[in-house]
Amino acid sequence: MSGAVALSTAEVLGIQRRTVAVLGAGQVLGGVAFGSTVSLGALLAADLSGQDSLSGLATASVTLGASLCAIPLARLAARRGRRTALTIGNVLALIGIGVVITAAALRLFPLLLVGVILIGAGNAGNLQSRFAATDLSTADRRGRDLGTVVWATTVGGVLGPLLLTPGEAVGAFLGMPQLTGSYAFSLVAQSLALVLYLVGLRPDPLRTAQRLARGSSAGPKIAVETDAPRTARYAMFAVAGSHVVMASVMAMTPVHLSHLAPDQVTTVVGVTIALHVFGMYGLSPVFGMLADRWGRMPTILLGQGILAASLITAAVLPQSQWAVLVALLLLGLGWSAATVAGAALLTESTVAELRPKRQGVSDTIMTASAAVGAVLAGLILGWIGYGGLALVALLVVASVTALAPYARR
């Protein structure tokens, strides 16, 4: 396509359907690597460092990597399209997986953090997939399309933690270091995702949307007419606040469970994190439809209510494995409702030419705050325990809820 873009409504909708399908398949594959990192990162950090209090640095490193690369990848997407940004993210993740395996073999804690940072940088590309799903979406389907791509992560995200036990057997057969076996699956999945984006994401959705917004009257209306920076700022805050709550509590859960069930740590952690990841992604299409029908703000507030229920459960019954499992499931559901609706609110509050920049800033704030939260979570866990950590996180939920009228004014 060049110059003046002349696409019919049917052609644009066809590109959008294909884009959502490709992004969804890529999220399935990318979720395997992310799920393994979430499950194993804290355990590997504790093992290599010899200190539980440093286990939060693994999750902090994932979020730091995503934070450092969110804006550069967004700028790259604005110039070269989503396909280029997503493929670069996959390459970084592949390198990171190799570094993590090497660090475990050499028992080098700093090198482990470098590898996890690179995996986080790759995850910045995965985060862009949800925005890529909205590039050509119409206003009445924006939440649904976004939620569909987020939902696709469920398969890989749930499968990743469940591969911990078989991963040990595969790793032993291949001679891999302890606790890294499931990364063999991650390498294969991430490589397939790289090929998928290179081949399947054509034409590029963002470049097509930009061309339509610049000069074509053909096709469905995909861009907002006015900019709403106040609403966009609240959307960023709601997404970042919900993410820091989820990441902080989730990061400390494997360590907490390792003390509750030391003889079954991989099984208990694997099942708990798998259910948590299912909560994060499994009902995202439902929350997307609610955001389209009820509105973005009510769905964000619904997410805060679910997050509050999760944190109260964890605070009241921190020594119960079942209560922790329920709390992690609710934590994922609350995160899903808030982030799906928040991302849709940010997109529709921003004119087309500013979207990649604001989306990159949003991802940077979200991941940077989660990185700080994960580090502080380790200190809080050692100071006042898992239940105390949940109560501290509840203050963030209260702040997101209290500032909702700011966006409505």
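Ala404 sits in helix 15, which spans residues 404–408. Helices here are DSSP runs of H or I with at least four residues, numbered from the N terminus. The model is predicted: local features need pLDDT of at least 70, side-chain atom pairs count only at pLDDT 80 or more, and totals for chains, interfaces and linings use all residues. Residues are numbered from 1 along each chain as its sequence is written, and side-chain values use heavy atoms, with hydrogens and water left out.

Ala404 counts as buried, because its relative accessibility is 1%. Buried means under 20% relative accessible area, exposed over 50%, and partly exposed in between, with a 1.4 Å probe and protein chains only. Beyond its neighbours within four places in sequence, Ala404 is in contact with Tyr234, Met297 and Leu301. Contact means heavy atoms within 4.5 Å. Leu198 lies 206 residues from Ala404 in sequence and 40 Å from Ala404 in space, C-alpha to C-alpha.

## Two buried serines

Ser284 belongs to helix 11, residues 284–293. Its relative accessible area is 0%, so Ser284 is buried. The side chain of Ser284 reaches the backbone oxygen of Gly147 at 2.8 Å. For such a polar contact, a pair of N or O atoms must lie within 3.5 Å; within protein, one must be able to donate a hydrogen and the other to accept it, and residues adjacent in sequence count only if both atoms are side-chain atoms. Leaving out residues up to four places away in sequence, Ser284 touches Gly147, Val150, Trp151, Ser336 and Val340.

Ser248 is placed in helix 9. Ser248 is buried too, with a relative accessible area of 8%. A polar atom of its side chain lies 2.7 Å from the backbone oxygen of Val244. Not counting residues up to four places away in sequence, Ser248 touches Gly373, Ala374, Ala377 and Leu389.

## Helix 13 and its partners

Two packed helices are described by the angle between their axes and the distance between the axes. Axes are lines fitted to C-alpha atoms, for helices over the stretch in contact, and angles run from 0 to 180 degrees between N-to-C directions. Helix 9 (residues 229–260) packs with helix 13 (residues 321–348) at an angle of about 160°, with the axes 9 Å apart. The two are therefore roughly antiparallel. Angles over 145 degrees count as roughly antiparallel, under 35 as roughly parallel, 65 to 115 as roughly perpendicular and the rest as oblique. The contact of helix 9 with helix 13 has 19 nonpolar, 8 polar and no charged residues. Ala, Val, Leu, Ile, Met, Phe, Trp, Tyr, Cys and Pro count as nonpolar, Asp, Glu, Lys and Arg as charged, and the others, Gly among them, as polar.

Helix 12 (residues 296–316) also packs with helix 13. Their angle is about 160°, and their axes are 7 Å apart. Helix 12 and helix 13 are therefore roughly antiparallel. In their contact are 18 nonpolar, 7 polar and 2 charged residues.

## Helix 3 against helix 4

Helix 3 (residues 82–106) and helix 4 (residues 109–132) pack at about 155°, with their axes 7 Å apart. That makes helix 3 roughly antiparallel to helix 4. Their contact has 18 nonpolar, 8 polar and 1 charged residues.
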